[in-house]
Structures are given as structure tokens and as C-alpha cells.
Amino acid sequence: MIGLGQPTGERTPHRAVTLAVTSGKGGVGKTNVVVNLAVALARLHNRVAILDADFGLGNVDVLLGLTPPHHLGHLLNGDLTIDDIAVEGPFGLRLVPASSGLRELTALSARQWERLNDGLQHLCASVDFLLVDTGAGISSNVIDMLSGADRVMVVTSLEPTAVVDAYAMIKILTACNPAKELGLLVNGARDEAEAGLVFRQLDIAATRFLQRRLQPYGHVPTDPAVRDAVLQQQAVVTYAPHAPASQAFRRLASRVSAMAPLGGPGLRLAPPSGTVSTALSGLG
């Protein structure tokens with residue numbers, strides 16, 4: 001696309017919006033959020049890709065009812081390109097599937113990070129949104145992946161342990177990069193008031209102790225249609241489009257669809273450095 005005021009023939013490099021989705025605690029529905037957000041974004045005529053970055057225990061493909069012949073391990077080991085391993089899902093979204101049960105991928109080497117970065121740079125040139133589904137918890141792999149994305153959305157539930165772990169994740173990410181844009185989505189709330197209480201608790205704590213604010217991404221209500229859709233290996237936004245959860249995911253997609261790439265180099269992964277180790281060791 002030729003920008004206003006640019007000489008003819010000079011093109012602005014395409015920048016995808018990169019949004020990493022994480023949680024301090026497993027079991028809060030993070031992967032289901034990624035899948036439904038991706039499908040809802042694709043239904044809005046966006047070009048969308050998902051990176052399943054739970055390197056050893058990926059399951060985005062299962063939730064979408066896909067059976068990829070290859071996985072991220074083939075890219076990280078230099079056997080295949082990212083185009084070779086990516087598979088097409090609903091509404092044209094592309095999935096870069098993780099492996100399942102490969103212990104050696106739970107700690108990546110510098111060369112593997114380099115291959116992953118190169119592959120994602122290539123992928124981002126052809127999509128509008130890249131959603132990164134990280135593993136749960138605060139391992140170095142997770143923090144390094146989150147550090148490379150433009151924006152991070154932390155998913156939590158109402159459980160006190162989930163809220164505490166979400167704050168721990170926010171604290172670590174702030175220590176790694178105080179300027180990183182962090183947002184919060186409350187999953188499984190009964191209503192907007194209940195979700196708002198959780199958001200305010202975390203936002204007040206972040207403001208007081210970390211000197212930062214959180215972006216509100218809203219909430220997804222408790223909805224039996226979500227479980228039914230999972231059992232059918234479909235996104236709830238297509239399985240039960242009128243369900244309360246589906247409406248919430250469409251609102252979330254509308255918000256994300258309006259986002260523009262942030263300034264800077266865009267998605268940029270690097271081999272692990274001492275920054276992450278320092279942040280992890282300083283968690284107390």
C-alpha cells in the first residue's frame with residue numbers, strides 16, 4: 001500500500017498486530033479464548049494466524065478439530081518451513097501447530113529461537129493478526145515469547161489462585177518491559193459486575209505496586225455452550241453463535257480488530273537473555 005506523501009514505488013512494510021494470550025494459572029480457558037477470538041476475527045474478514053506456543057503440550061488443533069501432519073518441532077529443528085507446517089482452519093485462519101509430548105521443546109536453544117523468529121517474521125508479512133497461545137505459568141519459554149509480542153492479554157478466572165497468578169504474570173512482564181501493553185480478560189464471570197470487580201482488584205494492585213495500568217479486554221460469561229462446543233471440537237462462535245459466550249467473543253474481536261500495530265520493530269523474538277532470569281528470580 002502506497003502511503004500518502006510517499007514517492008511512487010516506495011511501500012510501507014506490512015505489520016501484523018501481534019497479541020500474545022497468557023495466564024498465570026492453567027485451567028482458566030486461555031486456549032479456548034484464543035480459538036474463539038481467532039475465528040471471530042476471521043469472520044470479520046481479517047487475515048488471522050494462531051501460533052500454538054505451548055511447545056510441548058499444544059492443543060489448539062484439537063479444539064479446532066484439525067489433524068496437522070507436521071508441527072512446530074519440524075520448524076525448530078530446521079526440517080520444514082513455517083509454510084510447510086501451517087494448516088488452514090475455519091474461515092481461512094492459519095494455525096502453526098505445536099507438538100504434543102516432546103519434552104525437548106520445553107527449553108529452546110538459541111538456534112531454535114532464531115528459526116522461530118525468522119518463520120514468524122515471514123508469517124506476519126501475510127496476515128493482519130497473529131495470536132500467540134502461550135503455555136500456562138511463568139517458565140522462561142513463556143516469558144520470552146510474551147516479551148516478543150506487541151501486546152499481551154492475560155486471561156484469569158474468578159478463583160483467588162487464578163487472580164494471584166495473573167498478578168504474578170503481570171509483575172514479571174512489567175519487570176521485563178515496563179512499557180509493554182498489558183490487558184486483562186476475565187473468563188467465566190457470572191456478569192459484567194463480577195468481572196469488573198476482578199479487573200479493578202488487579203488494576204489497583206498494578207497501579208499501586210507496579211506503577212502501571214491494565215487495559216480492560218472485558219469478560220466472557222459462564223456458558224454451557226462453551227463446553228458443548230469443545231466436545232464437538234468447534235469454536236463456540238460457530239457452534240452456538242447466539243450463545244452469551246459467542247456474543248462476548250464477538251465484542252472482544254471487534255475491539256481487537258480496531259487495534260493498529262504499535263510502533264517499533266513489531267514481533268521480534270530473541271534467544272533468552274538474563275532479563276527473564278532476573279525477573280523470575282526477583283519474584284517475591
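Which backbone oxygen does the side chain of S246 reach, and at what distance?

## Basis of the model

This is a predicted model, in which local features need pLDDT of at least 70 and side-chain atom pairs count only at pLDDT 80 or more, while totals for chains, interfaces and linings use all residues. Residues are numbered from 1 along each chain as its sequence is written, and side-chain values use heavy atoms, with hydrogens and water left out.

## Surroundings of S246

The side chain of S246 reaches the backbone oxygen of A240 at 2.6 Å. S246 belongs to helix 11, residues 244-257, where helices are DSSP runs of H or I with at least four residues and strands are runs of E with at least two, numbered from the N terminus. S246 counts as buried because its relative accessibility is 0%; buried means under 20% relative accessible area, exposed over 50% and partly exposed in between, with a 1.4 Å probe and protein chains only.

Apart from neighbours within four places in sequence, S246 is in contact with V236, V237, A240 and P241, contact meaning heavy atoms within 4.5 Å.

## Salt bridges

The structure holds nine salt bridges, each a side-chain nitrogen of Lys or Arg within 4 Å of a carboxyl oxygen of Asp or Glu. One of them joins the side chains of K25 and E159 at 3.6 Å, N to O. K25 lies in the loop between strand 1 and helix 1 and E159 in the loop between strand 6 and helix 7, so the pair ties together parts that are 134 residues apart in sequence.

Another salt bridge joins D203 and R213 at 2.7 Å, N to O, linking helix 8 to the loop between helix 8 and strand 8. D203 counts as buried at 6% relative accessibility, whereas R213 counts as exposed at 54%.

Technical notes: Polar contact = N/O pair within 3.5 Å; in protein donor to acceptor, adjacent residues only side chain to side chain.
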